[in-house]
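Student: I have a structure open and would like to learn how to read it. Could you guide me through a few features?

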Amino acid sequence: MIIDIIVAFNDVTITRNEASKLGMNCKTLNGRVISIVDQMVIMANTLKYNWKEITYRLYATHSRNISPTSKNKLESCGYKLVRMEDNLLPDRTSNRINAYKDFTDGDFSMVCDCDLLFIKPEKFNTKKMISAKLRNQPTNGIFKQYSDEVWKFLHKINNISEQVFDNYHNRSHFNNGCIFVDNNKKHILKTNIESCAKNVLLNIETLNKHTATKHFLEEIIVSLAIMKTQDYDYLPNKFNSIVSSSNGTEGYSMIHYASNNDVNKFRGYGLEKFL
């Protein structure tokens, strides 16, 4: 099995102020802000040293110009750079919709964020179209006391059956940090994402009344698109786990440091090759 690991990015360093405006958090290393490109280098090194048993290929899609320095960094650690102009959401640095296009020749794609540390190989369900991580939520989910109302509205405008909603794990949604998808069916998910994005953006004024919308917008759209397929499974429990410190990471197969600031907390796992 060949896995195409795809990171959709643009060559930027997001400052603390910019991150706050976008509803994101700023990544640092030893106290200094690190660029998206350097996060991708860290990720590639963890794959190189910890995924030796897996056949994979690295791709990076981008929609803006890349500096010669960044280009050299990424190509030196194994990324094939692919420029594509589409951008699903305005005012975002990601062009993630391009990752779902048919431009690779592996068996499965793993569409990833850049802030991931691969620690050890995992087994994935190859019988389903998609596997993704169900995000653990407080009792009421990201929309708090309005979660039932908002998710029912989102399902309605995207023609997702009530049965899917009723079975859907108490208002949780999928984390967008890693989506494992069958390349033969990837076009279905892409079509769903585009359709759901259109419907969500048409109702964005209503949804923006909830503070969670800004931060989780892309995750909301991709979650709806996944649910619409009704052909998905969950990633292994210790894979794409959002971990905020190096304490208690034993047993994890892939760490997502989305909520962490200083990546140096996770020294090891291949990071020493970058640091």
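Tutor: We will talk about salt bridges and then about a pair of helices. This is a predicted model, in which local features need pLDDT of at least 70 and side-chain atom pairs count only at pLDDT 80 or more, while totals for chains, interfaces and linings use all residues. Residues are numbered from 1 along each chain as its sequence is written, and side-chain values use heavy atoms, with hydrogens and water left out.

Student: How many salt bridges does the rule give?

Tutor: Side chains of opposite charge can pair when their charged atoms come close. The rule for a salt bridge asks for a side-chain nitrogen of Lys or Arg within 4 Å of a carboxyl oxygen of Asp or Glu. By that rule the count is seven.

Student: Where do E75 and K71 lie?

Tutor: Both sit in helix 3 (residues 68–76), four residues apart, about one turn of the helix. Helices here are DSSP runs of H or I with at least four residues, strands are runs of E with at least two, and both are numbered from the N terminus. The closest N and O atoms of E75 and K71 are 3.1 Å apart, in a salt bridge. E75 is partly exposed, with a relative accessible area of 40%, and K71 is partly exposed at 37%. For these words, buried is under 20% relative accessible area, exposed is over 50%, and partly exposed is in between (1.4 Å probe, protein chains only).

Student: Which residue forms a salt bridge with R96?

Tutor: The partner is D113, with the closest N and O atoms 2.4 Å apart. This pair links distant parts of the chain, 17 residues apart: R96 is in the loop between strand 5 (79–83) and strand 6 (108–112), and D113 is in the loop between strand 6 and strand 7 (116–118). Both R96 and D113 are buried.

Student: And how do I read two packed helices?

Tutor: They are described by the angle between their axes and the distance between the axes. Here the axes of helix 4 (residues 147–157) and helix 8 (residues 212–229) come within 11 Å and cross at roughly 60°. Axes are lines fitted to C-alpha atoms, for helices over the stretch in contact, and angles run from 0 to 180 degrees between N-to-C directions.

Student: Which residues meet between helix 4 and helix 8?

Tutor: W151, L154 and H155 in helix 4 meet I220, L224 and M227 in helix 8, where contact means heavy atoms within 4.5 Å.
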